Amino acid sequence: MKREPNFEVMRTVAMFFIVVYHCLTHGVGDGYGFSDSNPITLSNLMFSDFLLVFSSIAVNLYVMVSGYFLVDLNFKMSRMVRTWTYACFYSIAITLLFMSMQLVPFSIVALGKSFFPISTDAYWFVTQYIGLLILSPFLALLVKLLSYKQYLWLLIGGAFICLALIPDFPLAKRFHVAHGNSVWSFAYLFLVAGFIKRYLKRIPMAWLMTAALLVILLTMGCEIFFGYQNDSIHLFWFNYNGIPFVLSVIVFIIIRQMQMAESGIWKILVKFAPYTFGVYLIHDHLMMRGWLWDTVSLTSMCDQWTYPFMVVGLCCLIFLVAAFIESIRKKLFTLLRIDDLITKVDRWSFYS
């Protein structure tokens, strides 16, 4: 599959903001709330709100990039096996590391569960993503068979089922689609990306930038308005399938249409793209998450002028260290020819 710089950049940026999202929701405050016991300055509050809006669209972007390409690709069982293998590798390795360093007590049950990260939902994203890969050949077939009008009505109907633009509207909560982190939400994002690829022509960038700015301001305002409760603020209101969904689609189209020179910062971001999945598997492992955000908690810094620099610097450090570890893992798998072995399962794929 030919790599396209725009989408490689999108993968890298999306994963960085996933790290930011985890920093804000796990490493700052309790449930990302601010009160007298956890004060924050107005400037830091607005900075956090702005980052939270952008980081809330990161998962959607990552899934849409997959859908954009999978819609035209033949199914390969090796994609599922490879995803499962990488998740198992890090699940087992990190569990053994934490137990050997006595950061967590030894438990044969915990060790046994580390061999089944998908079925135990240790990585919720991987579990749902595996589900999307299972559905992908049928979703792709649907995209090819539907007419423009049928496809449009499918997306409109799907919006009522999968989206919750504001709490309790439309109907996602009633259909138990969770918070936009279910396989059905991923399938809807897949179809949206397919529609963009198949039918959407170029949209003037000025229109897109204006729409993005308006949605950002709307989301930031709603986060503060709805999140204000009893003299405290909880900037953790909208789910992935809420207003951030609209911003996800707009940003996806903007990056798709951008003209990127294959040099400078763009070239660097493209080079990081192959390591992004590993960044997620490393930093959001349940044991790693608990240790990491307890060790580098930023709660006490929310009212200090250095807070924005600490958030950005810490997230950059986590991203770079995890990407470096993933590069070593890739070299090890290449040396052991594990990826070559995984591709052989395509010979027995029942989808084929």
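**Notebook: aromatic pairs and core**

I began with Trp124, which is buried at a relative accessible area of 18%. The cut-off for buried is under 20%. The model is a predicted one.

I then looked up Phe186. Phe186 is buried too, with a relative accessible area of 0%.

Next I counted ring pairs. The structure holds 29 aromatic pairs. I took Trp124 and Phe186 as one of them: the ring centres lie 6.1 Å apart and the planes stand at 55°, so I noted the pair as tilted. Over 60 degrees would have made it edge-to-face.

Where do Trp124 and Phe186 lie? I found Trp124 in helix α6 (residues 124–145) and Phe186 in helix α8 (residues 183–199). The pair therefore ties together parts that are 62 residues apart in sequence.

I turned to Trp305 and Phe309. Their ring centres are 6.2 Å apart with planes at 75°, so this pair is edge-to-face.

I traced its ring pairs into a cluster, which links Tyr62, Tyr123, Trp124, Phe125, Tyr129, Phe186 and Tyr280.

**Charges over rings**

I checked two tyrosines for a charge over the ring. Lys197 lies over the face of Tyr68, 4.8 Å from the ring centre. Arg329 lies over the face of Tyr86, 3.9 Å from the ring centre.

**Core**

Which residues have the most contacts inside the largest nonpolar core? I listed Phe125, Val126, Phe252, Tyr280 and Leu281, in a core of 106 residues. Helix α1 (residues 5–26) gives the largest share of this core, with twelve residues.

**Helix packing**

Last, I looked at helix α4 (residues 77–100) against helix α13 (residues 286–295). They pack at an angle of about 50°, and their axes are 9 Å apart. I therefore wrote down α4 and α13 as oblique to each other. Which residues make the contact? From α4 I noted Ile94, Thr95, Phe98 and Met99. From α13 I noted Met287, Met288 and Trp291.

Methods. Residues numbered from 1 in each chain as written. Predicted model: local features only at pLDDT ≥ 70, side-chain atom pairs only at ≥ 80, totals over all residues. Heavy atoms only, no water. Phe/Tyr/Trp six-rings, centres within 6.5 Å; stacked < 30°, edge-to-face > 60°. Helix = DSSP H or I, 4+ residues; strand = E, 2+ residues; numbered from the N terminus. Buried < 20%, exposed > 50% of the residue type's maximum accessible area, 1.4 Å probe, protein only. Lys NZ or Arg CZ within 6 Å of the ring centre and 35° of its normal. Core = buried A, V, L, I, M, F, W, Y, C linked by side-chain atoms within 4.5 Å. Axes fitted to C-alpha atoms, helices over the stretch in contact; angles between N-to-C directions. Parallel < 35°, antiparallel > 145°, perpendicular 65-115°, else oblique. Contact = heavy atoms within 4.5 Å.
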